Amino acid sequence: AGLAFVASHGGMDALRSALSTYPELVEWLTPLGALAPLAKKTESAVAWGLFFAARGLDTRAVARLTNEPAAAAYVARVRVSEAERDLAAVPEGVAALPAFVAVDAMPRPRLTGGEALPDDAIRALCEMLRFSPLARPYAGVAEVRAACDAESLDAFAMSLFRAWRDAGEDPRELWALESSGKIGGDGCAREMGSRVRSWARGAEPPRHGWEDGRNVVIAPGSREWAFARTGCAVLGAIDTDTARMVLEDLAKTGVQAWLRKEAHRTLGDEEADLPHDAVDAPVPTVGLDPGGSATFDLGKRVYRVRFNEALAPYLVDAEDARVEGFPRLRKDDDTQKYADAKERFTSLSKDATTVARFQTALLASVMCTQRTFTAAQFSERFVVHPLLRHLGRRVVWSANPGDASFTFRIAEDGTFADIDDKAVVLGERAITVVHPILMDEATRTAWQTLMADYQLLQPFPQLSREVYVRTPEEIGEHDVRRAVGIQTSRGRLFQLGRRGWRARFDDDGITEYSRTLPCGAVARFQVSPAVSLHGTGPKDEVFTITLARSSYTLERLPPIDYSELTLDLLQARSRSAGQDS
């Protein structure tokens, strides 16, 4: 009776508040003895109670309440009514579609049964996409996704996006960009990732300043900045493994700090340097078979894919001869098979490039931090994984890192071989990528010879890496004196940002960079003049390192940390006073 009074006098919002404040009311409604008389006298109040319970107020109560036939039927009726209301939420006046929407020239979405949508249905779909917000699309969009083939919708969304782009990217028609997030898939995700990078290169983010004690916008962001941010939101809305992979790549390797932050925010991780524990995260197979390859059937010709040291794919023919690029169409090829194979190879190449950029840097980081894998983790990731096995074979590993360690490589058949090319068994040893400073000169040279014999180029400098050893004069010192006076450039400083160095901003610009080393020491260096926050200085501007210091004395730094710190600082040297910026 009390709920009936609340419902009749306060309405739905009052009842929601009552049930939220006093969840025991939901439990009280559960017993059949209490529910039956209320259902007869105050069906509306009881039904709303059930409905709000079904929204998650108390899952145990919901399970019992929905066993009551009358209650379950009412909840179902309310949900159908909501769906009908959502479908009816169409603006009274829908503006005419822009000229770039040429229905007859676009790939047609197909129903799951294979039937292509007619022109009128496609125009209606475009109108739905136009008035639907990205965060909460119109209910009809979900029905279209359920009724249509996903690949055809992906192709349609990509065509719509490209048409908008070719027509000049009118900000008033941003719905064409957002449509990729409403009905698009992996193809749209790849296209969007490439376009976001392109927008970001010429973008100007908003500029803020202080006025009367308040943080105010001095200059709004450029159109390209807004487009790039929207592109990240679209990738988040697509919500596939490929879209997440593209976002993670932007978060890690985006040139602009604001772009990396925006990608992190879309991933739901604004603070961490990485979107998640990337060393343990799943890695896409990019469509490869368990053997680490893929077959491309053109009809009369069949090719297999292989990978170089940068995980760039290339094709080999039936005689195992390498083919440059994708082969041209011949008269005896099957036209449809050729088109499908070419599109698949293009997608595989883009995905492999994205994975390679991230995973190669990650593997180099493992070497510098000596992060270890268990034997099972190592095998799953670098021996069995269809794509990463091509990286794993090209580096030298260390088992049982420490005094009892030994080095080995992964052979082509997935077994393990030592420096004498003899088979070894790993057992349950911990595994990491060996850092060259931990090898003596003879061992390092022997491995270089062996890898050269097998024609295995490395994905990042390992055996050829420059190593640095602390000198007697540096004992007790905090300053890395050999780095003072080095002239660097804007481009070199940006590259250090990818190595974990963080800029410190002040009113004049950036004057200091710092990094926490794996051992816990904080290293920092200062540059003069200050680096402009907005890139307003000349492209060939030269900056000089005036101070390089470690919070630990240099002899306290582990050999790897000392070597990598010195390497970072010395490699900051510009080849020709800024020409590489």
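# Helices, salt bridges and a charged patch

Student: How many helices and strands does the protein chain have?

Tutor: This is a predicted model, and in it the protein chain has 20 helices and 16 strands.

Student: What share of the residues counts as buried?

Tutor: Of the 581 residues in the protein chain, 45% count as buried. The accessible surface of the chain comes to about 29600 Å², and carbon and sulfur atoms hold 51% of that area.

Student: Which residues of helix α14 are buried?

Tutor: Helix α14 covers residues 257–267, and its buried residues are Trp258, Leu259, Glu262, Ala263, His264 and Leu267.

Student: You mentioned α11, so where does Asp186 sit, and what does it touch beyond its neighbours in sequence?

Tutor: Asp186 is placed in helix α11, and, once neighbours within four places in sequence are set aside, Asp186 is in contact with Asp154, Thr240 and Thr242. The C-alpha atoms of Asp186 and Ala150 are separated by 9.9 Å, although these two residues are 36 residues apart along the chain. With a relative accessibility of 30%, Asp186 counts as partly exposed.

Student: New topic: how many salt bridges are there?

Tutor: The count comes to 32 salt bridges. As background, side chains of opposite charge can pair when their charged atoms come close.

Student: What does Glu173 pair with?

Tutor: Glu173 forms a salt bridge with Arg130, and the closest N and O atoms of the two are 3.1 Å apart. This pair links distant parts of the chain, since Glu173 is in the loop between α9 and α10 (175–183) while Arg130 is in helix α7, and the two are 43 residues apart.

Student: Are those two buried or partly exposed?

Tutor: Glu173 counts as buried because its relative accessibility is 11%, which is under the 20% limit. Arg130, on the other hand, is partly exposed, with a relative accessible area of 23%.

Student: Which residue meets Asp320?

Tutor: The side chains of Asp320 and Arg306 meet in a salt bridge, at 2.5 Å from N to O. Asp320 lies in the loop between β5 (313–316) and β6 (322–323) and Arg306 lies in strand β4, so this pair ties together parts that are 14 residues apart in sequence.

Student: And what about Arg465, which residue does its side chain meet?

Tutor: The side chain of Arg465 meets that of Glu564 in a salt bridge of 2.9 Å from N to O. Salt bridges that share partners join Arg465, Arg499, Arg515, Glu564 and Asp568 into one network.

Student: Are Arg465 and Glu564 buried or exposed?

Tutor: Arg465 counts as buried at 10% relative accessibility, and Glu564 counts as buried at 4%.

Student: Last one: which residues gather in the patch of negative charge on the surface?

Tutor: That patch is formed by Glu151, Asp334, Asp340 and Glu343. One of them, Glu151, is found in helix α9 (residues 150–166), and Glu151 is exposed, with a relative accessible area of 64%.

Terms used: Residues numbered from 1 in each chain as written. Predicted model: local features only at pLDDT ≥ 70, side-chain atom pairs only at ≥ 80, totals over all residues. Heavy atoms only, no water. Patch = residues over 30% accessible without salt bridge, like charges linked within 9 Å, V, L, I, M, F, W, Y side chains within 5 Å. Areas by Shrake-Rupley, 256 points an atom, 1.4 Å probe, with all protein chains shown as cover. Salt bridge = Lys/Arg side-chain N within 4 Å of Asp/Glu carboxyl O. Lys, Arg positive; Asp, Glu negative; His and termini not counted. Charge placed at Lys NZ, Arg CZ, Asp CG, Glu CD. Helix = DSSP H or I, 4+ residues; strand = E, 2+ residues; numbered from the N terminus. Buried < 20%, exposed > 50% of the residue type's maximum accessible area, 1.4 Å probe, protein only. Contact = heavy atoms within 4.5 Å.
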